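I'm jotting down what I look up as I go.

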Amino acid sequence: MDINPRNWKWARKSHILLILSLFLLQNHLKVFVILVEANSSVHIVYLGQKKYEDPATTKRSHHEMLSNLLGSKEAAKSSILYSYRHGFSGFAARLTESQAEAIADFPGVVQVIPNRIHKLHTTRSWDFIGINRHSSKNLLTKSNMGKGIIIGVIDSECRKKFICAGVWPESESFNDEGMAPIPSRWKGICQQGQLFNSTNCNKKLIGARWFIKGLRDQLKMPINESDMEYLSPRDAGGHGTHTASTATGYYVNKANYGGLATGLARGGAPLAHLAIYKACWQIGFGGCTDADVLKAIDKSIHDGVDILSLSLGDGIPLYSYVDHRDSVAIGSFHAVIKGITVVCSAGNDGPISQTIANTAPWVITIAATTIDRAFLTAITLGNNHTLWGQSMYTGKHNHGFTGLTYSERIAVDPNDDSAKDCQPGSLNATMAAGKIVLCFSQSPQPAIASASDSVLEAGGVGVIFAQLRDDGIQSCDLIPCIKVDYEVGTQILSYIRKARSPTAKLSFPRTVIGKWSSPRVASFSSRGPSSMSPAVLKPDIAAPGVDILAAVPPSYGSGFALKSGTSMACPHVSGIVALIKSAHPNWSPAAIRSALVTTASQVGTDGSGIAQDDPNHKAADPFDVGGGNVNPNKAVDPGLIYNISIGDYVEFLCSMGYSSASITTLTKTTIDCTKKGHFGLNLNLPSITIPNLRKTLTITRTVTNVGPVTSVYKVVVQAPHGITMTVTPQTLSFNLTTQILSFKVTFFSTSKLNGDYKFGSLTWKDGKHRVRIPIAVRAINFESFADL
């Protein structure tokens, strides 16, 4: 042992330097890891159809691939968020841009894309479309109320003052009285979380899961429990509960919203089971990420749902159907392969054309229409003239005559137009105090609730809001707000200008049924044609989606609320699909869609055609409502169906110009996209859409008889204006040995000008059934400058 003090001193210094070096290296590595994490983001590595049937083997293959990229199993485990291993194969993981580029070149990888946040999208409505509890002849009875069917709901409507998705399990709509036992095929769970555990599930609500890893990584911020959003399947804001109870809620007597719309509430399939997949959140900017939505769909396939109800989608521009960034199209394709019917909302970007979302041909896309119910509210002016508006306000207010003024008269700045529609801070508090204020909407998106807040802040006691659009009513919590059209608003303004001291009296709203022609197409409902695949008619069909009463959390008071949107229309059809599936368990998703489209109604309650809900009441066309308004009782017995196989969808993808390799990886079957003329137009849809008809074109369709074995159908054609249609043969005869027949439709145009879409129909009739498909044709005279 060296006892020389000098040597010991140097050894001690060396030891200290070594410790210091290690400390600096450790901190450098920590900083490096932090920098790597900061520069990484979630990417979805999509591998297409499953290679292995065993989910555990698929998961191990994902970890092995990621380990090869990152260098260790520990790094892979830390990086991966989700492993998709049930309906399809892939995973979501935190990767840097260089890592994402590197793994994209690995064998078997179809696509690597960055995670994104998606834009989100009762007592009368069921009776209105013919599903009456007391009738022994309607679909509700024939299908045993959807007994044994499982509906999975992935829901979203992330807006201000809304929370997105989930379920309030204590709602009366989800009690399991009269429910059959949980099907033995069910593999789902009741996942625990904030204020939610396994006891919240029962024979009605048989499963609930939540998915937030993708959003948590996208926001790059901690997500903590709060009363504004629950980190669990529980719904804080009501939208998820509302849509779920619309699809499959059980009977609730005397349901109402503040005394309005009182009656028996129920879903479309009261005896169907419900599974909730919460993938959308009101956290940060709100929304749903691709990673979370794909995992929700993957789990729903694994769990064993029969139907998926999806109230979410992308906005314009749309992604291709083989692009993983369209998580709804990709996920739903794998669901349909498994026989799951997928029902989607059309979006709320109407009435502008080409705004339709969820345009893939394998999903059923739903537009929104009105029902024949209104909440009439009397406005009595000081001259004793009474005008009418609509309101959902049921609070306390002065029932006597009160001062009335026009918002422009009490503007803070007379030169600022923001006072016209009562925008925040635009009103003079001294002049507004104690008065009812008349506002005129200046925006395509009227904001009566915002106007109400502005008037209340300025000391006003009521709002009359004149707007162009007439669909849907927003509630105002603290002061009465009444919606009127521009004509009524102008009459009130004329009175204000003439009277020395104008006054008005606002009454409580009353529920009135059957006094208006319905249905009408909601102005907010997104319109076709599809910007991605114009030859695929979208929407497929329309259903009630305006002022729909359904269950919500108890924070709403009565536990029920009135809401509007294609998100409300979507679960109506999901419930109907459950009834049809119960009556016809072996029908494919395409057969069910065909039955809905070919039996839909094109006529309103007044006997005229369905109109758009605008001041001009323009006639609705197939880009507004698809086949028409849903008619459940006829859909259960359509006579003929237009069926589509998975192979047909593959041929369609080939016709879209997608590569054989990308489609092969999607389906895990070898695909050779040999070009077939006009196959996209020949996809066996229950509709015909020709975006560019130049002179003449022949289309083929095939129908399957699902009615009486021996049947004879004759064709009735309503050709689009300026188009000649010829059908061959004109008679279809079915017998014991012939149940599937094809026919050809030849279109001929004599137009010398490029025109807009024209509309018609083709209907097969046998004396009992009326099997109608909508037709949209756009004739063109030139395709390039060389033709001019």
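Which residue is the bridge partner of Thr700 in strand 35? I looked it up, and Lys744 is the partner.

Before going on, I note that this is a predicted model, where local features need pLDDT of at least 70, side-chain atom pairs count only at pLDDT 80 or more, and totals for chains, interfaces and linings use all residues. Residues are numbered from 1 along each chain as its sequence is written, and side-chain values use heavy atoms, with hydrogens and water left out.

**Entry: the sheet.** I found nine bridges between strand 31 (residues 696-705) and strand 35 (residues 740-749), and the two run antiparallel. My terms: helices (H or I, at least four residues) and strands (E, at least two) are DSSP runs, numbered from the N terminus; two strands pair if DSSP finds at least two bridges between them. Four strands make an open sheet, in the order 29-31-35-33, with antiparallel pairing. Strand 29 (640-641) and strand 33 (723-728) are the edges, each pairing on one side only.

**Entry: helix 2.** I checked its span: helix 2 has 16 residues and covers 23 Å from first C-alpha to last, close to the 22 Å expected at 1.5 Å a residue (that is 1.5 Å times one less than the number of residues). Just after helix 2, Gly71 has a positive phi of about 100°.

**Entry: Ser67.** Is Ser67 buried or exposed? Ser67 counts as buried because its relative accessibility is 14% (buried is under 20%, exposed over 50%, partly exposed in between, with a 1.4 Å probe and protein chains only). Ser67 sits in helix 2 (residues 55-70). Leaving out residues up to four places away in sequence, Ser67 touches Ser72, Lys73 and Ala76 (contact: heavy atoms within 4.5 Å).
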